[in-house]
Amino acid sequence: DDELLAKAADGTLSGDDVLRSQVERMLNSPKARRFTKNFVGQWLDLRKIDATIPDPVLFPDFDQLLLWSMPMETELFFEEVLRNDLSVLNFVDSDWSMLNKRLCIHYGVPCPSDSTASGFQRVSLPADSHRGGVMTQASVLKVTADGTRTSPVLRGVWVLNRILGTPPSPPPPDIPVIEPDIRGATTIRQQLDRHRNTPACATCHNDIDPPGFALESFDPIGNWRTFYRVTTRTAAGAVDLPYGSGRPVFRGPDVELGGQTPAGQAFSDIDDYKSLVLQDKDQIIRNLVAKMTVYATGADIQFADREVIEQIVGRLRNGHPGLRSLIHEVVQSRMFRNK
């Protein structure tokens, strides 16, 4: 805008204090909504939210209000962390989220008395909700599924890329894709166990599968589940849903819980897994610094940038790893100023 152009023209924009004040001014502007939507869309793949439509037979509890609410929760969550300079570790786990009445019902979370279908507010999460952070938000759970089934591989790769910043190597070209069992007779974990017996697959799957298994208790629209839904009646019978068209769903195999990290740390569910991830806080910070730098500069991280990133991680670790503080660190760095 005119103010930025004027300060650039007179040479004052590059001053540390001026740069900081201008970043604050921009983050406080209503125009910052575009930053939220674009960065969150890029970082968490929310641009793919409409890529699939859930099977209406398997998921009669999915509707357009839920679809609209999903990315809104994640974007408003990001804005709440940004506005209040909350720790970026909230993106891994938190005891709150930004919910409307529809999402409260979807998550099985008690709705505040003044909740409305379209009105979002900060809501405290019960300790047994299995929610908190972005990995367990319905938007992320939807974009990491195909509308009918979930894949620990897709979700595991997403976690490694988006949250941990440790992307796996691409698969060998001659490895066949896992064909889903559409009858629901075997679970995805049973199919993966056979797939992992291939030596070329085992190394990568040791990293990919644990976060995928941790998220397997969530279905393609973000419901917490203890069993897989199938399209035909089974001996286990039908189950009525608390929300939706009134059509029941049929109960398939139980979801198999737990797993083990490559370091040999066992976990029983997503809550345990998030606790293990948070043991390496530096990596969470490092990943988000890198993601923000790529977004801010439009360029990949170069070898020379790694030292600067480590310096930023150190300052945030020893101070306060707030999202707003992280953005200031990136803007003040030579990576941003010189690219």
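Hi everyone. A residue is called buried when its relative accessible area is under 20%. Please keep that cut-off in mind while we look at this structure, which is a predicted model.

Let's start with H130. At a relative accessible area of 16%, H130 falls below the cut-off and therefore counts as buried. You'll find H130 in the loop that runs between β2 (121–124) and α6 (138–143). There is something else about its backbone. Most residues other than glycine have a negative phi. H130, though, is not a glycine and has a positive phi, near 65°. D85 is another case: a residue that isn't glycine, with a positive phi of about 50°. For D85, look in the loop between α4 and β1 (96–99).

Now, which residues does K274 touch, apart from its neighbours within four places in sequence? H130 is one of them, and V92, D93, R131, G132, M135 and T136 complete the list. K274 itself sits in helix α10, residues 270–277. Its relative accessibility is 1%, so K274 is buried too.

Let me step back to the whole chain for a moment. The protein chain has 339 residues, and 48% of them are buried. It contains 14 helices and seven strands. Take the contacts between residues at least 6 apart in sequence: 68% of these join residues at least 24 apart. The accessible surface comes to about 16,200 Å², and carbon and sulfur atoms account for 53% of that.

One helix I'd like you to find is α13, residues 323–332. Why do we call it largely enclosed by the rest of the structure? Because eight of its 10 residues are buried. Those buried residues are L323, R324, L326, I327, H328, V330, V331 and Q332. And what covers them? The cover includes helices α2 (16–27), α3 (32–43), α4 (64–83), α11 (281–297), α12 (305–318) and α14 (334–338).

Last stop, the strands. Strand β5, residues 249–254, runs antiparallel to β3, residues 227–230, and three bridges join the two. Within this pairing, R229 stands opposite R251 of β5. Strand β5 also pairs with β4, residues 238–239, again in the antiparallel sense, over two bridges. There, V239 has V249 in β5 as its bridge partner.

How values were computed:
Residues are numbered from 1 along each chain as its sequence is written. This is a predicted model: local features need pLDDT of at least 70, side-chain atom pairs count only at pLDDT 80 or more; totals for chains, interfaces and linings use all residues. Side-chain values use heavy atoms; hydrogens and water are left out. Two strands pair if DSSP finds at least two bridges between them. Helices (H or I, at least four residues) and strands (E, at least two) are DSSP runs, numbered from the N terminus. Buried means under 20% relative accessible area, exposed over 50%, partly exposed in between (1.4 Å probe, protein chains only). Contact means heavy atoms within 4.5 Å. Accessible areas come from the Shrake-Rupley method with a 1.4 Å probe; for residues, only the protein chains shown count as cover.
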